[in-house]
Amino acid sequence: SPAFVGFASQAVAGAKMPRLMMNQLWDFPVPVPPPADQRRIVEILDLADELRRRRREAVEIARRIPTAAFHTAFDGVLDLFKPSTVEQVFDDTSRMGPRLPRTTYLSSGRFPVIDQGADMVAGFTYRTEDLYTGPLPVVLFGDHTRVFKLIRHPFAIGADGVRLLAPRSGWLAEFAFQQCRMLDIPSAGYSRH
């Protein structure tokens, strides 16, 4: 509540890692509704938790649908072609442009800043010297988030943990991107690099 936020901002100690002073927290007055109202509040919060759980499950199912549809449509078809390694398909163009720290992202601007976050665009810049200088289209891979993005237009590279993979001659960027999206890349902590 606004009252607690105001209280908490005044009851902190420590310069490097501010924390709430516990002796003051114990004295903060907390409204306690009657038991019937408490039960109603708990029911509402439990329902909200259940909705969040169902949403996470739906997102996971939606994430798997493109892969399942691909396998249904092309099961066995791709087996007819000679396999290629990632290195044979892509050139690593990750160093072709500066990395912009998140603190420099603008809320609007001429060029999008694209990083490994879930959103396609994380921010903006006006500066042409911030732009990626490699070939387009390019596939962006976030080695922390395991997100793939296909980028077709000028952009600035955001933050760290981003690999930029330019499809080599003979490879359709959209096809390479869709193949990447179907990879099941496990979260492996720092060994993911």
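I take buried as under 20% relative accessible area, exposed as over 50% and partly exposed as in between, with a 1.4 Å probe and protein chains only.

**Entry: ground rules.** I am working on a predicted model, where local features need pLDDT of at least 70, side-chain atom pairs count only at pLDDT 80 or more, and totals for chains, interfaces and linings use all residues. Residues are numbered from 1 along each chain as its sequence is written, and side-chain values use heavy atoms, leaving out hydrogens and water.

Entry: I looked up Arg 146 and found it partly exposed, at a relative accessible area of 35%. Arg 146 is not a glycine, yet its phi is positive, about 65 degrees. I placed Arg 146 in the loop between S7 and strand S8 (148-151). Helices (H or I, at least four residues) and strands (E, at least two) are DSSP runs here, numbered from the N terminus. I then checked the peptide bond joining Leu 136 and Pro 137, which is cis, with omega about -5 degrees. Pro 137 sits in the loop between S6 and strand S7 (138-142). I noted both items because most residues other than glycine have a negative phi, and most peptide bonds are trans.

**Entry: sheet.** I counted two strands as paired if DSSP finds at least two bridges between them. I found 4 strands in an open sheet with mixed pairing, in the order S4-S9-S5-S6. Strands S4 (99-100) and S6 (123-125) are at the edges with a single partner strand each, so one side of each has no neighbour in the sheet. S4 pairs with strand S9 (residues 156-158) in the parallel sense, over 2 bridges. In S9, Ile 157 is opposite Arg 99.

**Entry: nonpolar cores.** I defined a nonpolar core as a set of buried Ala, Val, Leu, Ile, Met, Phe, Trp, Tyr and Cys residues joined through side-chain atoms within 4.5 Å. The largest one has 11 residues, among them Val 89, Phe 141, Leu 165 and Phe 177. S7, S8 and helix H5 (173-181) supply at least two residues each to this core. H5 gives the most, with 4 residues. I also looked up Cys 180, which touches Phe 90 and Phe 148, not counting residues up to four places away in sequence; contact means heavy atoms within 4.5 Å. A second, separate core has 10 residues, including Ile 114, Tyr 132, Ile 151 and Leu 164.

**Entry: aromatics.** I paired rings of Phe, Tyr and Trp (its six-membered ring) if their centres lie within 6.5 Å. My search of the whole structure gave 5 aromatic pairs. Phe 4, Phe 7 and Phe 28 make up one aromatic cluster.

Technical notes:
Rings of Phe, Tyr and Trp (its six-membered ring) pair if their centres lie within 6.5 Å; planes under 30 degrees apart count as stacked, over 60 as edge-to-face and the rest as tilted.
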